[in-house]
Amino acid sequence: MGERCAVIGVGQTRYTTKRLDVSIAGLVREAAQRALDDAGLTFADIDAVVVGKAPDLFEGVMMPEAYLADALGGAGKPVMRVHTAGSVGGSTALVGASLIQGGVHDRVLVVAFEKQSESNATWALSTHLPFGASLVVGAGGYFAPHIREYMRRSGAPDHIGALVAVKDRRNALKNPYAHLRIPGIDRAMVESTPMLWEPIRYLETCPSSDGACAIVLASEKAVTGTPAWIHGAAMRSEPLARAGRETVSPQAGKDCAADVYRQAGISDPRRDIDVAEVYVPFSWYEPMWLENLGFAPENEGWKLTEAGSTALDGDIPWNPSGGVLSSNPIGASGLIRFAEAALQVRGMAGEHQVEGAATALGHAYGGGAQFFAMWIVSNRKP
Amino acid sequence: MPSDPPSHPPSHPLEARHVLEFPGGYTRSTGPVIGRFLTELRDRRIVGVRTAGARVLVPPLEYDPDTGEAVTGEYVEVGPAGTVQAWAWVSAPRPAHPLDRPFAWATIRLDGADTALVHAVDAGGPKAMRPGMRVRPRWRDRTSGTITDIECFVPEVTMITAPIRTEYRVRPGAALTRFLERIGDGVLLGGRCAGCDQVYVPYRTSCPACGALIEEEREVADTGTVTTFAINNLPDPRAPEVPFVSAYILLDGADIPMIALVGGIPAHEVRQGMRVRAVWVPPEERTMSMADIRWFAPTGEPDADLSAGTPGGGA
Ligand SMILES: [Zn+2]
C-alpha cells in the first residue's frame, strides 16, 4: 500500500435542503476551513487538492473543479477532480490518499460537495436520449426492482426496511450535522408514508441535501493532531449491462471488500470491525450490503438488522451518523461515510461516538451499483 | 373646493360630493433637522441624527422621543440597505399608494440606525416577505427632497438563475440503427457474443463482458418473463401516467433483461415471474423507436419459476 497515510482533519457543513446563504464556493470553503482548523493547518500547508462531486448536470456548472481551484487554496498546486457517480466521495478520498501513499505529496486536501437545491437530481439523472422509451424513474425507480428481488430471494419480512429507516434517523438526532431530524420517528410513522417507487416508501429514501465535506490527509511525517490511519483502500467497478450480472449483491462490491479486508488483515468483518459507515440511500440496502460486505451470510443480512445488531448499541453499529438516509449531498455522501469512519476511530464523533471504536469501515457505491469505494481506518498505526 | 352645484345629478337626491383641498397645498417648514434629512435625500443619501444617548434616529427628529431632550446635531449617513422588522401586505393598492401593484408596508431599520422607518417594499408577493429580509432603496429618476424620492425598497439580490441549454443532433450509431430498423418491422434484434455465448438485446457490436466484436445477429422473441419491477407513483411530465410499472423483462432467447413498461394489467397485479408479450403499435404508426412497443402485457401463461434460476434473473 506504499507510504503510511492518515486522516488528520475533518470538516462538514450542516446538511440541509437549501443553503441559500452561500455560493458553491462559499459552501466548499466552509467545509475545507473546518477540516484545516481540525488539523491545525492553513491552506498554505496543503500540497494538492482533490475535488469530488456527482454529475455536472446537478448544478449546471461544467468542470466545477476549475471554478473552485482558487476557492480551495489551489493556486499554484495540483488540483484534480474525481467523478464516479454516487460513490465519488469515497473515490475522492482514495485518490487523495493515493497521492500520499505513492509518496508524491505530504498533505492533501480532499473536498466533495453537492448543492442539490440548484436544480433537481431526478431530472438530472433522467435525461432521456431520443429513440428510447421514456420511463423517468430517478434513482429510486432504478433501485426499487433490485430491492424487490432481494426481498423475494431472502424472504425478509416487509418491515425490515422500516427498521433501518427508524434506526438511522434516531442516530441522526445525535449528529449536529445531519439533515433530517424526525423526533419520535417509529416504525408506524415510516409505514404510514406513501410508496414512492414500490417497494420503497417515502421515509425509506434519502433526502436531497446541500452540503460539503472535507478531510485533510497527511503522510506519517506530516501528521498533526489526532490521526486516523488508513489500513486498507480499494475501488472496484463493473459494467452495468453484462449478461448474468448480479445486481442484488454485485461482484464488484464483494471484490472490493475482499481487497480492503486483505490489506487491513480483517478475516471476519463483524468481529474485527467496530463500526461501519455504509452508503445506504434506501433503507433496504442495509441488509443487502450486510451480505455483500460479508457481515452476514447470503439472504441473512436482514436478521442482523432485525436483531438490532447494527444499532448504535449493537455489536456492529452501522451508520451511527444517521447515514445517507439522513443527509444526502450526493457528491459528498461517500466522503461523509469515510470521514465519519475516521471521526469514530479518532474518538471525535461526539454524541454518536461508538465507545472504544478502534477500527472502522467507510463505504460508498454509485451508478447502478457498479462503482465501489471502501477504506478501513484505525487509531493504530499500520 | 366649492361644493358641487345642485344641478349635478346626485345618486341620491340628498347626497353631494364635497372636497376640502387648500389651493396649491399646505406648506410645511421643515426646520433644520427634517430639512437636512430631505436635502440629503434629494442627493440620494439617507441620514439620521444622533441623540445625547448616542442613538441614531431615522428619520431624524429635533428631539429624542424617549427623553424629550434636544438631539446632538450630529448627522450620520445610514443604509442604504436595511432590514425589514415587520410588514403588512397590500393586495389591492389605492390610487395614492406608492406602487400600482400589490406591495408591502414595512418597518425597515436601515444599517447604522437605531429606529425603523416606514416605507413600501416591492417584493412581488407576500411569500417573499419575512422579518429579517434585507432590502435596498429604489430611487426615482428625479428627486425633489421628499420621502417619495425613494420609490420603494426592493429585496437584495440573493439568487440568480442561469439558463443553460445545450442542443444536440443525435444520430444513432450503426448498432442502434440496425436495432431500430428491425423494431420498425416488429422484430427485437439481439446479438450473440461467440466468446461468451450470451445474447445481448438491444443489438450491440461489442460485448460488455469480454470486449469482443459481436458479429452474429440473433432475433429474440417478443415474449419474456418479468424478473423484477418497480411500481412508480411519483408523477413526472415526461413519464407515463402513475402508477406505472417499469419492469426488467428477460425476453425469450436473450441473456440480459431490458427495462420496459408493463401495461394491460393493474399495477398491483404484476408479479415477478409473470409472462408477458410486447404490444406493438400498428405498423403505419411506427416511428422506428422504442415507442413502437406500447408496453408489455400478460400472456396468460403460468408464471415462470424464478427460484429455478432464470438466466440474468434479478437483472
Ligand atoms: Zn463476450
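Trainee: Which residues of helix α2 in chain B are buried?
Mentor: This is a predicted model. In it, Phe179(B), Leu180(B) and Ile183(B) are buried in helix α2 (residues 174-184) of chain B.

Trainee: Where do they sit around the helix axis?
Mentor: They are on the same side of α2(B), because they cover an arc of only 95 degrees around the axis.

Trainee: And what do they pack against?
Mentor: The buried residues of α2(B) pack against β9 (188-193) of chain B.

Trainee: Let's switch to strand β1 of chain B. How many of its residues are buried?
Mentor: Four of its five residues are buried. So β1(B), residues 46-50, is mostly covered, given that a residue counts as buried with 20 or more other C-beta atoms within 10 Å.

Trainee: Which strands does β1(B) pair with?
Mentor: One is β3(B), residues 75-78, which pairs with β1(B) in the antiparallel sense over four bridges. Another is β2(B), residues 56-57, which runs antiparallel to β1(B) and is joined to it by two bridges.

Trainee: Which residues face each other?
Mentor: Take one from each pairing. Gly48(B) has Val76(B) in β3(B) as its bridge partner. Arg50(B) has Val56(B) in β2(B).

Trainee: What about the turn of the β1(B) and β2(B) hairpin? How many residues lie between the strands?
Mentor: Five. Among them look at Ala54(B), which takes a positive phi near 75 degrees.

Trainee: Which residues in chain A show a positive phi?
Mentor: Ala85(A) is one, with a phi of about 55 degrees, although it is not a glycine. Asn299(A) is another, with phi near 70 degrees.

Trainee: Where are they?
Mentor: Ala85(A) is in the loop between β3 (79-82) and α3 (88-101) of chain A. Asn299(A) is in the loop between α10 (285-292) and α11 (301-307) of chain A.

Trainee: Is Ala85(A) buried or exposed?
Mentor: Buried, because Ala85(A) has 22 C-beta neighbours inside 10 Å.

Trainee: And Asn299(A), what does its count say?
Mentor: Asn299(A) has 16 other C-beta atoms within 10 Å, so it is partly exposed.

Trainee: New topic: cis peptide bonds. Which one is in chain A?
Mentor: Look at the bond from Glu198(A) to Pro199(A). It is cis, with omega near 15 degrees. Pro199(A) lies in the loop between β5 and β6 (200-201) of chain A.

Trainee: What about Val242(B) and Pro243(B)?
Mentor: A cis peptide bond joins them, and omega is about -10 degrees. Pro243(B) is in the loop between β12 and β13 (244-251) of chain B.

Trainee: How do peptide bonds go in general?
Mentor: Most peptide bonds are trans.

Trainee: Now the contact between the chains. How many residues does each chain give?
Mentor: Chain A gives 30 residues and chain B gives 37 residues.

Trainee: Which elements of chain A give two or more residues to that side?
Mentor: They are α5 (138-154) and β5 (195-198) of chain A. α5(A) gives the most, with seven residues.

Trainee: What kinds of residues make up chain A's side?
Mentor: There are 18 nonpolar, seven polar and five charged residues on the side of chain A that touches chain B.

Trainee: Which strand of chain B pairs with β5(A)?
Mentor: Strand β12 (residues 223-232) of chain B. The two pair in the antiparallel sense over two bridges. Trp197(A) stands opposite Asn232(B) in β12(B).

Trainee: How is chain B divided?
Mentor: Into domain 1 (31-155) and domain 2 (174-305). The C-alpha centres of these domains of chain B lie 67 Å apart.

Trainee: Last topic: confidence. What does the predictor give the complex?
Mentor: An ipTM of 0.93 and a pTM of 0.87. Chain B averages a pLDDT of 91, and 94% of the residues score at least 70.

Trainee: Which elements of chain B have the lowest and highest mean pLDDT?
Mentor: Helix α1 (residues 31-42) has the lowest, 93, and strand β15 (residues 275-280) the highest, 98.

Trainee: Where does pLDDT stay under 50 in chain B?
Mentor: Over residues 310-315. The model has 26 contacts beyond four places in sequence for that stretch of chain B.

Terms used. Residues are numbered from 1 along each chain as its sequence is written. Chains are lettered from A and ligands numbered from 1 in the order in which they are written. This is a predicted model: local features need pLDDT of at least 70, side-chain atom pairs count only at pLDDT 80 or more; totals for chains, interfaces and linings use all residues. Two residues are in contact if their C-beta atoms, placed from the backbone, lie within 7 Å. Ala, Val, Leu, Ile, Met, Phe, Trp, Tyr, Cys and Pro count as nonpolar, Asp, Glu, Lys and Arg as charged, and the others, Gly among them, as polar. Two strands pair if DSSP finds at least two bridges between them. A residue is buried if 20 or more other C-beta atoms lie within 10 Å of its own, exposed if 12 or fewer, and partly exposed in between; C-beta atoms are placed from the backbone. pLDDT is the predictor's confidence in each residue, from 0 to 100. Domain bounds come from an automatic or database domain assignment. The arc is that of the directions from the helix axis to the C-beta atoms.
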